[in-house]
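Me: Hi! I have a new structure to look at, and I would like to learn how to read it. Could you walk me through a few features?

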Amino acid sequence: MNYGRLALPVLALALAPLLPGIINRTKAVIAGRKGQPLFQLYFDLAKLLRKGAVYSHTTSLVFRAGPVVGLISAAAVLLVLPLGGAAAPVTFSADLIFLAYLLGLMRFFTVIAALDTGSAFEAMGASREVQFSALAEPVLLMALAAIALAGQSSGSPLHGLPFCLSVIYSRLSLATWMHSGPALLMVAGALWVVFLAENSRIPFDDPNTHLELTMIHEVMVLDHGGPDFAMILYGASLKMWTLGALLAGLIVPVRTGNSFLDAGACVLGLFVLAVLTGVVESVMARLRLTRVPQLLVSAGFLSTFALALIIWS
Amino acid sequence: MLIVLSAIGLLVFSGLISFLCGRCSRAANLIGAGGAISGSLAGFFRAVQILCAGTAEHFHLVWDVPYGSLSFRIDALAALFLVPIFLVCALSGLYGLGYMKPWSGRKNLGAYWFFFNGLAASMAMVVIAANGVLFLICWEVMALCSFFLVTFEHEERSVQRAGWIYLAATHIGTAFIIVLFLMFGRVCGSLDFNAFLAARGHLGSAADILFVLAVIGFGAKAGFVPFHIWLPEAHPAAPSPVSAVMSGVMIKTGIYGIVRTLTFLGAPHIWWGWLLVAIGLVSGIPGVLMALAQHDLKRLLAYHSVENIGIIALGLGLGVLGIALKMPALAVLGFGGGLLHVVNHALFKGLLFMGAGSVQHGAGTREIDLLGGLVKRMPWTGATFLIGAVAICGLPPLNGFVSEFLIYMGGFHALGGQSSIAAGALLIIGLALIGGLAAACFTKAFGVVFLGEPRSSHGANSHEAGWSMRIAMSLLAAGCVGIGFFSPWVVSPVAHAVESVSGLSHVVVQGLLAPASSALLQIAVISALCALGVIVLSLLRGRMLSGRISSTEGTWDCGYLRPSEKMQYTASSFAQPLTAMFEPILRIKTHQPSFLIKEESGCDSHGSGPFFPGGAAFESHSEDFFLKSVYGPIFMAIQRLALRLRFLQAGRVQFYILYIALTLFVLLIWCLR
């Protein structure tokens, strides 16, 4: 463990709640509204942490464990998450599996906490969540594998840790984009789909809807309140930061060798990503639920084709 | 070696004693379970010792049986399989002590323990046998013992059907294994495994045929798709401790057979690896999909065994590819992950079947849609089932993640080689999909069975399992957690087994596993920190809420005031989006009779129907494609053919004597010719 690099998780813990603020502000500007403050989620979290809690008498310990396990998993992911060229505090081979499966653990507990309430609405959201995530997971892993191979084929010899996120992202540079640009563009598209789907954004899910029947993530957490809900909101923003950083590290190939500059560029990329998400949410409606799996499967094909392109180019 | 043999002797002996006092159920139960536990534990500790030391032990006696010899050999590979066999048998014995009690007086428990201990002993013998004849005899004893255990409740028609399907499936597999050993014997001149080893590398083209025979013969026992059809029949029919043993470890003897055969065959061909990877994908993905569509908890778990056997096959396939392509890192990671998954699957599948048994025991049904809210009445079962569910989904920090992580690492290594790229990509996509679907399936199983409100009187009147069942489940759960948190120290014993499969030296294997070990060490540290974090955060929340208003209310149901437990989501609805997506594989049949109109509810003036429909019914079930469309027609054809020959069976003794005489006459002429 490199202690200097612990700055990255700290940065994520501090800035992650800003992302939803940027998205909402973008949407407000496009719609011609004034909109919430950028720091709205921070205020919400502070307020929720001061509140009491109401628990359903149907629920058990599982319901109370859900938010805690979710937040801790989302925070643990930050330990292996690089920001662009800046390496993560912990690096080991195949840590991208660890990242994907920690997010899986978070989802598992969110889902069973939703089922613990016995509410049909929450179970409906949970059912959709597991369906979409089962399809999104192969896309994520394929996309990361494609990025890894792209960095390798552009000349840098294979040494160090294979399939370690920090190594994968540090090898990715402007030269890689020159060499296999179309394939990386496809990968970026696939990761973009994963980012929107896993974070429950339009066109997969509408975080602003008021009808429980149409929601996915929001409906799963209907019964949580107070500090529990704060943990869920915070965990969700960390997850958005994580998946966003994976995409921003790809589309912002700034590799100066200086960790501060690289990380800074990646954070800027993350903010741009949030603005883009806001734009998408402003110009699109959510997809019909039956269309969502088709989009995810297409993203899977996209990333697999990208991998094939990188291998045989 | 002597300790293991005497442990096996103790198992057989206690089974016999238990059988003899079959009338006295209490004594039979105590003696049988006591023997199963003590014998298995003795064997377990010795097997762990051998595995950690990485040594091999031999034992040889002359035997009168033609081509047979009483030779046993425990090497690291055998010990790796002995460890889960003895562990799961010991804990299932403990579990059975409580689980079988309700049958005392109604059923002959002596017979149960006779076959249970016989099954444990024969599984251990299969793994340590070093002679073809001895192996086949133990294999057959294992099949028969498990058959009698499956048909324990033989009065029920469904159990009879399950028993027959199992008996037919296992013997078709055995037929292939007999041919396999006969071919080995012809080539090597002896049925001793030493002779097989001496002939390795000189098999020529016979090796291909031998490999296919092994994959079919042993695959039928392991449950590879399309030979899996007996699992979802036999596992639900058997008593739960037996399901735990059969699904947890007995099907692994099939994996053992394949791995052992690989060590006899010498340098593998590339297509063997491809075949195993293909089998792994074809078993893994449809296995988990079919599990999603099940309504019976034990049937669901049985299909998950098919899935996990698929994951093991993926690991072994990578290993074979690694040797064939001269990529030792790939070989070590593939075999290491596959073999470790054998142990891990034994732990969590044993645990989950025991949990299912405890649910059946406590609530009286295995029908998922009738249950709910059990975690409040059965906290031990609920907590341990949750651990098993997280483990089987391969989520960190539990043991399922460790072996899947190794296999994933192998997949990434495969991406680095020119001719193995496709295998790596397929494996990563496949494993990720399996992982996601397994999470869907186990959130469904755990969430619907244990959480929410009881959906029927079954759930409401349930009670917790007895102490012996709770201890058995807790120990297995502790095993799942332990392997997860101490994974770096588990990898090195497995490395010994990998050496004997891959033929690589100790130093090479250790060197190639080093990155994996260091990764697992860091994962273990992060996991421990996470566990600490969960505790701290929970305490913090407790402190925060301590001075504030924290109340209990009904679940928010969108303002609807009278929610009932019937309005909860069912398991079928939870899985519906996924099962509908994979409809072509699952072939879900639904029955939806039109509204049952009651006479007394009045019709409106236009006569188009009543104001208040009386009630509605809906049911859906998924048919196993292979059972329905492949094996069904084949066996029907065989039956039709057999009926044609029925005229031979006239029912008169005179005719039969005539047949015998005729046969003798023909043989005599043939000899004199």
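Me: Which residues of α20(B) and α21(B) meet?

Reply: To read a helix pair, list the residues on each side. This is a predicted model, and in it the α20(B) side includes B:Trp489, B:Val491, B:Ala495 and B:Val498. From α21(B), the partners include B:Val509, B:Leu513, B:Leu520 and B:Ala524. Polar residues take part too: ten residues of this contact are nonpolar, seven polar and one charged.

Me: How are the axes of the two helices arranged?

Reply: Look at distance and angle together. Helix α20 (residues 487–502) and helix α21 (residues 506–546) of chain B have axes that come within 9 Å and cross at roughly 155°. Angles over 145 degrees count as roughly antiparallel, so α20(B) is roughly antiparallel to α21(B). The crossing of α20(B) and α21(B) is right-handed.

Me: What average pLDDT does chain B have?

Reply: Chain B averages 90, and 97% of the residues score at least 70. Residues 597–605 of chain B, though, have a pLDDT below 50; beyond near neighbours in sequence, that stretch has twelve contacts in the model. Where pLDDT is low, predicted coordinates should not be read in detail.

Methods
Residues numbered from 1 in each chain as written. Chains lettered and ligands numbered in written order. Predicted model: local features only at pLDDT ≥ 70, side-chain atom pairs only at ≥ 80, totals over all residues. Heavy atoms only, no water. pLDDT = per-residue confidence, 0-100. Contact = heavy atoms within 4.5 Å. Axes fitted to C-alpha atoms, helices over the stretch in contact; angles between N-to-C directions. Helix = DSSP H or I, 4+ residues; strand = E, 2+ residues; numbered from the N terminus. Parallel < 35°, antiparallel > 145°, perpendicular 65-115°, else oblique. Left-handed = near helix turned anticlockwise from the far one by under 90°. Nonpolar A, V, L, I, M, F, W, Y, C, P; charged D, E, K, R; others polar.
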